[in-house]
Amino acid sequence: MVQRLVIVGVVATLTASVTAGPSFVNWETPHVSPLALTPDGSRLLAVNTADNRLEVFDVNSGEPTALGAIPVGLDPVSVRARTNNEVWVVNHISDSISVVDLTTMNVVKTLSTADEPTDVVFAGTPQRAFVSCSQANTVLVFDPANLDTAPTIIAIDGEDPRAMAVSGDGSKVYVAVFESGNKTTIIGAAGGVDGTSNPLNHNNGPYGGQNPPPNDGVDFKPPMNPALPQAPTVNLIVRQNAQGQWMDDNNTDWSSYINGGLPSVRRPAGWDMLDNDVAVIDANSLQVSYLTGMMHLCMGIAVHPTSGLVTVVGIEAINEIRFEPNLTGRFVRVHIALGDEASPDQPAVLDLNPHLDYSDAQIAQQSNTATASQALRDLSIGDPRSIVWMGTGSGYIAGMGSNNVVRVDATGARIGDPIEVGEGPTGLALNEAANRLFVLNKFDGSITVIDTTTNLASAAAPFFDPTPTVIKMGRRQLYDTHTTSGLGQLACASCHVDARIDRLAWDLGNPAGEMSPMDQNCNASVDPINCPDFHPMKGPMTTQTFQDIIGNEPFHWRGDKNGLEEFNGAFTGLQGDDVMLTAQEMQEYEDFLATIFYPPNPFRNLDNSLPSDLPLPGHYASGEFESVGGLAQGAPLPNGDAVLGLDGYINRAAHSSSGLSNRSCVSCHTLPTGLGTDHVFVGDSELFPNAGAGEYVPVELGLDGENFTSITHLGLDKEQRRVSVKIVQLRNMYDKVGFNRDVLLSRSGFGFFNAGSESLEGFMYEFKKFPDSDQEVADVVALLLAFTGSDMPAPNPNNLREPPGPSSQDSHAAVGAQFTVDETNNADAGTIDWLNQVAGFADAGKVGLIAKGRQNDETRGYAYIGSGSFQSDRVSEIISLDDLRLAGAAGSEITFTVVPEGGQTRIGIDRDEDSFPDRDELDAGTDPTDANSFPDVTAVGCSDIRSLRARCQGGLFKVVIRLFDNSHDGQDVTIDVNGTEFVLPINGTKARMQLAGQAGSMTVTLVSPSGCSLSRTVDCN
């Protein structure tokens, strides 16, 4: 049957089948040190995170001239040159270092690291390489002279070590602890179900049991709305002052409840919290000390060349201040701190926006369209990510959120006007002898050059950036401080950092606010108590991630926002802007957020299965079972078995004392995400959970397509004043560890539950779920750390205790894994086993697999097509896995990389996805990074056909036909796609269509108006 497509872009369905994953997976990976010069200053090195390459430029003329792009690992974030020819690239998703030879422009060695490496520097005598691993909280020390030797591991006492710098004499390595905290923590009920444990309710407490407590003497600021009903009880954020006292925002001392060892708060006497901002590593002895007291997000670091001071730029939060009206437009500051090892806890800290006074008058001016000054905003720097110093003492700081570079003097004080650059500047590289400062603009894929004598910027030099337009358009709503805030120094990303979290809690309630109706999907059908309406006094709540949130509405901890559109008021209400986003901008924001995936889970096995013997350092017993032979409070938990933890999660009912004896964990936190069900139970709740007592029916989608997941309710005090809360997902639990009330020194001020009031294991103890022993607690902790989303069992339809839940947008554990082969290892059993294993994952459709390397003096690429074969970047060439492995040799190294399923063609052999492989394009003299530049493909006797292109992108099979001229404009052309014929109208010199539902090998045959034919085949797996 012939189908006529009369409109370009009409989507037709070939067969019902599984479609490939997206060709571009967005993890929104942050840059750390993405730009560097070789020691002789002749070449500029820039990571191209979106294209998984290292860009190399000749800068001898002062302007960057592209020399080539070298494939490295997935999501490179930092680069450093060890010599003029040897470069180390840090690959964040691949958990690897690519050692690059600039002579051959190839990766010659791949070093495996701990999870989420972020930076590398070289220091010490003899010289060693220091690699920070942010998720593992370690620094690895490699010997460059013997890369086959396992690295030394240095533990960093802090959360998320990232950017690094080296002292002038090379004897010290400085590591900025990104999520170092700001000496704030939470006080109140731990699990939230036992109000007697909340010291805010105590009659002998600082406020005599008044909860919520006042914030302005005995009153509230703003005043309490008299029409409001009694507010639910809350927790409270306190901050440690210079005297060691834990004070709230009403100047009330809570120290005895934090570190006094009172039984009701389950903190041992002397409890305290780390505030390590910079780790100082002796590059020879590897001993570690710390600098403290700087800021809560330490983003960029450098050593001042004359004073030797350690300088850090980043963000400081004032989250101890309560209520949204008091935080509007000023909840974070942008700071520079200058630390001296001689006084490690007394840094000099300056505000990098001295033109801002954060006064009520200034906030009011900037929030009013009639008086707001864009010029004032444009003076601000926001989200600073990099700092460099000149030998003369002045320095430059790049503001990723403000799209500018600011100058500072030797004391850190601002000088001059900001220098406007490209979008998202994240890296700075200074060639002082040439009077050139190079700026890497992450969001628009370009290099800006600043003349340091005039401080004028030249036009940005772009490099290839395959980032989809939907990401580029929507990113600015998350990051751009100049267009989304009143004062120009903050944005959504000030708290939702890199679309993730800031590890803090905030009380954004409003005493002057109004009640909001609870109109969500409440689980009242299986519980006799309905979910109450939302009170504006919400209490402290930790920042939530933006990863995979679209389609998993409602939002907020309470679930009081139907969809992203309802946050538009936050741009004026919280961020202090004078206008909200337009409807189009809000849609662009939502479309961008919908692209963000969870990265590979570091606790899963390579095949993405759950670990059965997972060490749990940093996780401790609460003493709950000590009286029956269990562990004492603060004792380390044993290794956990996540497989057993999952069995209990699904099959073990909660203790009757919890009031949830009819349900197990999965009854609320559904698989695979941990979110509440997006279905409604219809049936006899008294018979729940017996099979046959009812069924689950999908929730009706919202007006804007929202998929509403379940809301539940909790009693937060002894008077059972209940609140509605969303049943939240569990896929970033490992990102929130560090807080603990059962040991003397906590690494973080906030943990789990909505207020961050409990550790992961403490959550299990407090809520009295099924665990009957410390070992069972350890098993569930192991499960939650490895709770990645994919490869979880489907709900049992015959057990109503297992309601269905929404799907997960996450990455297989093997994604990013790399292995470089040469003549020393290409025949090793370990090499063969590893390659066969990951090829098996690809054969099963779990991942993609590519290879990159140097062959016959050419840079080559290969994409795995199944059954032990690779398609090369020449369409006529297919090579077996074994032959490709054996081709690895000195000077011809081959690096294999596991990529997301669906990305193997783009990443492996066709950068611009125009269906013409990269080497074929180079052979023909066309540009493999320009989809509008491609070889002519003319069939013999078909003088009217210029080309036939076919490709798979975003779940669609796309066909574009080009003719040499428009002599056939308005006529039809016939194509055959796997046996189904379509008739396409010719529009000028083009005809095109797209098909959904494709899988496997797609062959399209074109019959031209003159009657001759041409075929193309594309693998859509």
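The model is predicted, and seven cavities of 30 Å³ or more are counted in it. Helix α13 spans residues 829-843, and its buried residues line one face.

**Largest cavity**
- The largest cavity holds about 270 Å³ of space, and among the 24 residues that line it, F24, T49, A50, D75 and T467 are the closest to its centre.
- Two elements, β4 (43-48) and α15 (904-908), each give two or more residues to the lining of this cavity.

**Second largest cavity**
- About 100 Å³ of space lies in the second largest cavity, whose lining is made up of 15 residues, with S180, G181, R503, L504 and S748 nearest its centre.
- Four nonpolar, seven polar and four charged residues make up the lining of the second largest cavity.

**Helix α13 and its surroundings**
- With 15 residues, α13 reaches 21 Å from its first C-alpha to its last, which is close to the 21 Å expected at 1.5 Å a residue.
- The buried residues of α13 are T831, W834, L835, V838, A839, F841 and A842; seen down the helix axis they fall within an arc of 150 degrees, so they line one face of the helix.
- These buried residues pack against the strands β43 (818-821), β44 (847-855), β45 (858-866) and β48 (894-900), and against the helix α14 (881-886).
- On the face of α13 turned away from the buried side lie the exposed residues A829 and D833, while G845, just after the helix, takes a positive phi of about 75 degrees.

Note on methods
Residues numbered from 1 in each chain as written. Predicted model: local features only at pLDDT ≥ 70, side-chain atom pairs only at ≥ 80, totals over all residues. Heavy atoms only, no water. 1 Å grid on protein atoms, 1.4 Å probe; cavity = no way out; pocket = protein on both sides within 12 Å on 5 of 7 lines; lining within 4 Å. Points joined across faces, edges and corners; volume = space filled by probe spheres on them. Helix = DSSP H or I, 4+ residues; strand = E, 2+ residues; numbered from the N terminus. Nonpolar A, V, L, I, M, F, W, Y, C, P; charged D, E, K, R; others polar. Expected span 1.5 Å × (residues − 1). Buried < 20%, exposed > 50% of the residue type's maximum accessible area, 1.4 Å probe, protein only. Arc of directions from axis to C-beta. Contact = heavy atoms within 4.5 Å.
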